[in-house]
Each structure stands twice: as C-alpha cells, then as structure tokens.
Number of protein chains: 2
Amino acid sequence: MTGAAGFLGSHTVDRLLADGHEVIGIDNCITGRRQFLERACASPRFQFILGDLFDYTTVSEVCPGVDAVFHLAAHSNLRDGAEFPRRDLDQNVIVTWNVLEAMRRHGVGTLVYASTASLYGATTLVPTPEIARLPDQTTLLCASKLAAEAFITAYAHTYGLRALLLRPATIVGERQSQGHLFHFCRQLHHHPGHLDVPGHPALRRGYLDVVDCVDAMLLALSHATAPVEIFNVGALSHHSLADAIAWTTSELQLDPVIHYHPPPAIAGSAVPTLHLDCSKLTNLGWRPQTSPETAVRRAVRYLTANPWLLAAGC
Amino acid sequence: MTGAAGFLGSHTVDRLLADGHEVIGIDNCITGRRQFLERACASPRFQFILGDLFDYTTVSEVCPGVDAVFHLAAHSNLRDGAEFPRRDLDQNVIVTWNVLEAMRRHGVGTLVYASTASLYGATTLVPTPEIARLPDQTTLLCASKLAAEAFITAYAHTYGLRALLLRPATIVGERQSQGHLFHFCRQLHHHPGHLDVPGHPALRRGYLDVVDCVDAMLLALSHATAPVEIFNVGALSHHSLADAIAWTTSELQLDPVIHYHPPPAIAGSAVPTLHLDCSKLTNLGWRPQTSPETAVRRAVRYLTANPWLLAAGC
C-alpha cells in the first residue's frame with residue numbers, strides 16, 4: 001500500500017487488515033499522518049516503511065512476495081502544481097513508473113490505482129460514465145494523473161499486469177486532511193464567525209464517505225477481469241456547496257457570515273457539477289452505506305476531535 | 001529545434017532556414033544523423049548543439065531569445081519500449097517537461113510538438129478526426145506521447161503557452177531512417193531476393209512525403225489561435241501495404257519472393273487501416289504536393305543513394 005498513511009490509504013489498510021490480509025504500507029509522511037495508522041500498527045500483520053517512492057530501490061525492495069499493490073500515494077494539491085511544476089511529474093508519473101517497473105521485475109500481478117474523476121474536467125455528459133471522452137487536461141495535476149493511467153494501461157497490455165483504475169470524486173470522512181471541507185473547517189477553527197468560500201454556492205458535488213469508497217474499491221477488484229478496468233467511485237446523488245456548508249456549520253454549532261467569491265484562477269478548479277455515473281459499481285451490488293450529510297458531518301466531527309490536523313494542515 | 005538531426009527535424013530546419021529564420025538545432029545524434037544537417041550547417045543562420053535534452057541545463061541554456069520551440073525529438077521505437085521500459089518515460093515525458101519548463105522560465109511563448117497518430121490506436125472512426133475519443137494506450141510509446149500531450153496542454157492552460165500538437169501518420173521521404181519502408185529497404189539491401197513482411201498485405205496506410213508534412217506544420221502554426229491546437233497530418237488517400245511494397249521493389253528494380261507473416265506480438269503495432277481526417281488542414285488550403293507513390297519512391301531512392309544509412313540502421 002503506497003500512501004498508506006494518507007486519507008484513503010489508511011482506511012484501506014484498516015479494511016484489508018480486518019479482512020485478514022497482510023499489509024506492507026509505505027509513506028513518506030509529507031501529507032500522510034502516522035497517527036492514521038495507529039490502529040493498523042497494533043496488528044502483527046501490518047508493517048510500515050517510512051520511505052519515498054521516488055527512490056526506485058525503496059519500491060523494488062518491498063515487492064518480493066507481494067500479491068497486489070494498492071498505489072494510492074499521490075501529489076494531489078492543484079495549487080502546488082502551478083507553483084512547483086515538477087512535483088506532479090515526479091510524484092505522480094515517475095513514482096507510478098517506479099511502482100510499475102518494480103511490479104514487473106518482481107512478478108507482482110495486480111495493481112489498484114487511485115486516479116481522479118477530475119480527468120472528466122468540465123464534461124457536459126452528466127452523470128459522467130467511465131467511457132466519457134476526456135477533455136484537454138488543463139492542470140498539471142490532471143495531466144500527471146492521465147499520464148499515470150496511460151503508463152499503467154501500457155504496462156498492463158505489454159507485460160500482462162492486471163490493473164484497476166479508480167476515478168473517485170469528492171471523498172469525505174474521518175482523517176480527511178485536504179479538500180474544500182477541510183479548508184472550511186480550518187477557517188472556522190481559527191475564525192468561527194466568518195467563512196470565505198472560493199466558489200459559487202450552487203456548485204454541486206457528490207459527497208461519498210471514504211469507507212464506502214474502500215468498499216467500492218475492493219468489490220471492483222474482486223470482479224475485475226479485463227487487463228485494465230476503470231471504475232468511477234462517487235456518491236449516487238449530488239448536493240450544492242451551500243448544503244455541504246450548512247451541514248458543516250450545523251455540526252460545528254456555528255452560524256458564521258458566509259462570503260462566497262470567485263475561486264482563484266487555477267484552471268479546472270471550478271467544474272459546476274461533478275456527478276459520476278457509477279452504474280458499473282451499482283451493477284455489482286454496491287450501494288453507499290452512509291448518506292452524504294452523515295459523511296460530511298463525520299468528516300467535520302473528526303476534525304473537531306483532532307484539532308492538531310487543522311493546525312498543521314497540508 | 002529539438003531532434004534537429006532527425007528525419008522530420010532536419011527537413012523542418014531546412015525549410016525554416018529557407019524562409020529566412022535563425023535556427024538553433026539540438027540533437028543527441030543517437031538516432032539523428034549529422035549528415036542530414038549538411039545543407040543547414042552551410043547557413044550562417046544555423047547553429048547546432050550536440051546535447052541531450054534529458055539534461056535540463058542543456059535545454060534551458062538555449063532558450064533565452066528564442067521565439068518558438070519545435071520539439072521534434074522523441075524516442076519512437078515501439079519494440080525498444082518493451083525491452084527498455086524507462087526509455088519512453090525519459091525521452092518522451094521527462095524531456096518534454098524539461099522543454100516546457102525551460103520555455104516557461106525564459107518566456108518562450110510558442111511550442112510545436114510532434115505527437116503521433118498512433119494515439120488513435122485501432123479506432124473504428126475512419127477517417128479519424130482530431131476529436132476522436134482516444135482508446136486505451138497499449139504501448140509505452142503511445143502512453144508517453146499521450147503524457148507529453150497532456151503536460152503540454154496543462155502548461156499551455158496554466159502558464160499561457162501557445163501549443164501546436166501535430167499527430168502525423170506514416171511520413172516517408174528522403175532521410176527516412178526508420179519505419180516499415182526503411183526496414184524493407186534494409187532487408188532487400190542485404191538479401192535482394194527475399195522480403196519478410198511482418199503484416200498483412202491488405203493493411204492500409206496513407207503515405208505522406210515529409211516535405212508536405214513540414215508544409216502542413218508551418219501552415220497550421222500560422223493559423224493556430226487557441227492555446228492548444230491539435231492537427232492531424234497525413235495523406236489524403238490510403239494504400240495497401242502490398243502497393244507500397246510494389247512501389248519499393250519497382251524502384252529498386254527487384255522482384256523478390258515476398259513472405260507475409262503475422263507481426264510480432266507488440267500490442268498496437270498492427271492497426272488495419274490508419275487514415276486520418278485532415279479536414280482541419282485542408283480547410284486552411286493545404287494539399288500534399290507529392291503523391292503517395294512518388295513519396296515512397298523518393299524514400300527508397302534516397303536509401304539506395306545513401307547505403308550507409310541501411311548499414312547502420314536504427
């Protein structure tokens with residue numbers, strides 16, 4: 001598990017351990033948090049390696065004896081990409097190549113990769129199915145994710161890997177430490193009377209609890225047969241940004257003045273409605289167990305109980 | 001001009017010099033040939049740098065004062081990719097990022113990039129327009145070209161570059177030193193009585209002379225207005241592999257025994273018909289000046305007159 005100490009990574013580790021698997025987690029803990037692995041570290045079936053995947057040797061040394069790699073590590077900060085244009089190339093493309101090459105050399109046959117639904121950009125096909133034509137990628141982050149998907153697909157076809165590509169959208173929940181909900185909570189933590197929202201209240205997103213996302217990932221993995229399978233992972237309904245903010249402030253028992261303003265001019269950061277067609281998953285029997293409102297409230301409650309996360313931020 | 005000593009690169013250098021421009025050419029001469037630049041080197045407006053673009057400093061040092069970069073250097077050998085899986089990443093993705101970043105830092109505003117029509121894979125939309133949905137990329141070479149296109153597009157949108165992406169198909173002509181025609185000529189050079197053809201005689205390709213490709217590139221560049229414009233570049237008609245072989249053997253005045261056999265199992269190497277919709281170009285007034293047969297014969301004649309190319313191969 002790469003990115004084992006991350007939001008999605010740590011939840012997936014917990015679930016795999018609960019299912020009886022042995023898990024080796026790697027993370028450089030730049031955005032990952034060792035605290036997220038406290039439960040995992042109590043298991044004798046879990047091993048943690050503090051290491052950077054940009055170093056091929058680090059990746060390669062872990063692979064012998066491994067059945068499947070969950071590659072969930074990524075650089076995922078849009079704004080960073082524009083300021084540090086090498087980061088997306090290094091952390092999302094070269095690191096993914098390191099993972100693929102180490103798998104090939106050590107005969108690891110299965111890869112699960114966390115891509116992103118942001119690849120669909122401002123598509124007009126809503127809800128958006130996996131086969132939607134991808135538009136031009138306007139951000140370095142999305143370019144790097146598309147590049148990673150392409151290398152994974154080429155490796156699968158050239159060397160016989162089996163790959164599962166997930167395109168999740170707006171995953172929320174416990175241990176969330178980035179994304180717009182996180183930033184709202186951080187603002188309100190410091191200034192409870194005022195909330196600056198970089199976006200329009202009518203923007204619509206499908207909020208999905210991270211545990212439902214992990215369920216989807218493992219269900220898809222157990223059913224994937226083609227060399228490369230792509231699965232959207234998102235909520236089945238969508239809600240306005242105003243709704244998500246109302247749930248957040250209600251959970252915090254705050255009544256701030258809310259100031260909506262245009263988002264910063266980062267290309268691609270303000271798709272009006274991001275709503276995925278998740279029929280591929282629901283056809284396998286998947287249904288989210290947690291409602292969008294509960295998922296958002298859970299994320300907020302976790303941050304309230306863990307203010308160290310808000311102080312550090314990332 | 002990156003890849004200045006290459007097939008397309010050297011022809012583009014000649015044309016830009018003929019049009020009165022100053023040109024700095026870079027090439028590592030691994031597949032490029034200094035002999036292709038003999039005419040260019042006679043011009044006081046041409047400067048050649050023997051250097052590897054994988055070294056960022058090499059790229060960066062050339063940029064000050066440059067108006068536009070033609071990035072035509074690439075690793076383009078399909079079979080190599082499977083044997084040396086790092087090459088496509090290094091030479092096509094990281095090198096392209098080096099070019100983009102050097103342009104950004106030095107304020108170079110225009111990029112012309114030679115991508116490939118192979119990105120369309122085995123699309124069923126024939127003739128294939130630029131807006132065709134790209135299928136899964138099954139080779140490392142195509143994955144790396146798609147990744148390069150994505151980073152170029154993201155740089156254009158994020159930092160205000162203007163980019164022209166060309167997707168050429170089956171370019172032939174003088175100085176050609178790879179591709180199936182080249183390999184036929186090399187075989188016949190060594191064994192004039194026998195030709196092994198890794199493919200079906202009914203495979204269809206649109207053979208375009210490299211000089212027509214350069215015309216298309218410069219015409220498209222003079223009309224491109226959007227931050228990113230994609231142009232197919234290919235012949236307006238298509239011919240069977242059997243036709244191309246007949247023109248080749250006729251030009252060589254040979255009558256070999258021809259043995260067709262299935263191509264090696266490199267994923268993606270045997271698209272039945274590769275025929276591009278070039279309306280975007282023809283709407284600008286572009287028409288190939290050389291017929292497919294003449295273009296093929298010209299390629300063959302050049303190789304006959306320059307047997308050193310056949311001996312070395314690449």
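This is a predicted model: local features need pLDDT of at least 70, side-chain atom pairs count only at pLDDT 80 or more; totals for chains, interfaces and linings use all residues.
1. Symmetry of the two copies. Chain B is superposed on chain A by a rotation of 180 degrees, with 0.0 Å of shift along the axis and an RMSD of 0.0 Å. The two copies are therefore related as by a two-fold rotation axis. The contact residues of chain B recur in chain A to 100%, and the same surface thus serves both copies.

2. Position of the axis. Among the residues of chain B, the closest approach to the rotation axis is made by B:Ala147, whose C-alpha lies at 2.2 Å.

3. Contact between the chains. Chain B contributes 24 residues to the contact, and chain A contributes 24 residues. On the side of chain B that touches chain A, two or more residues come from each of α5 (87–106) and α6 (140–159) of chain B. Of these, α6(B) provides the largest share of that side, with eleven residues.

4. Composition of the chain contact. Sorted by class, the side of chain B that touches chain A holds 15 nonpolar, six polar and three charged residues.

5. Domains of chain A. The domain assignment divides chain A into domain 1 (7–172 + 206–233) and domain 2 (180–205 + 237–274 + 289–312). Taken over C-alpha atoms, the centres of domain 1 of chain A and domain 2 of chain A are 25 Å apart.

6. Contact between the domains. Domain 1 of chain A gives 19 residues to this contact, and domain 2 of chain A gives 20 residues. On the side of domain 1 of chain A that touches domain 2 of chain A, at least two residues are supplied by each of α4 (78–83), β9 (208–209) and α8 (210–223) of chain A. The most is given by α4(A), with three residues.

7. Composition of the domain contact. The side of domain 1 of chain A that touches domain 2 of chain A consists of eleven nonpolar, five polar and three charged residues.

8. Along the chain, A:Asp67 and A:Cys41 are 26 residues apart, and their C-alpha atoms are separated by 21 Å.

Methods. Residues are numbered from 1 along each chain as its sequence is written. Chains are lettered from A and ligands numbered from 1 in the order in which they are written. Copies are superposed by least squares on the C-alpha atoms of residues with pLDDT of at least 70 in both. Two residues are in contact if their C-beta atoms, placed from the backbone, lie within 7 Å. Domain bounds come from an automatic or database domain assignment. Helices (H or I, at least four residues) and strands (E, at least two) are DSSP runs, numbered from the N terminus. Ala, Val, Leu, Ile, Met, Phe, Trp, Tyr, Cys and Pro count as nonpolar, Asp, Glu, Lys and Arg as charged, and the others, Gly among them, as polar.
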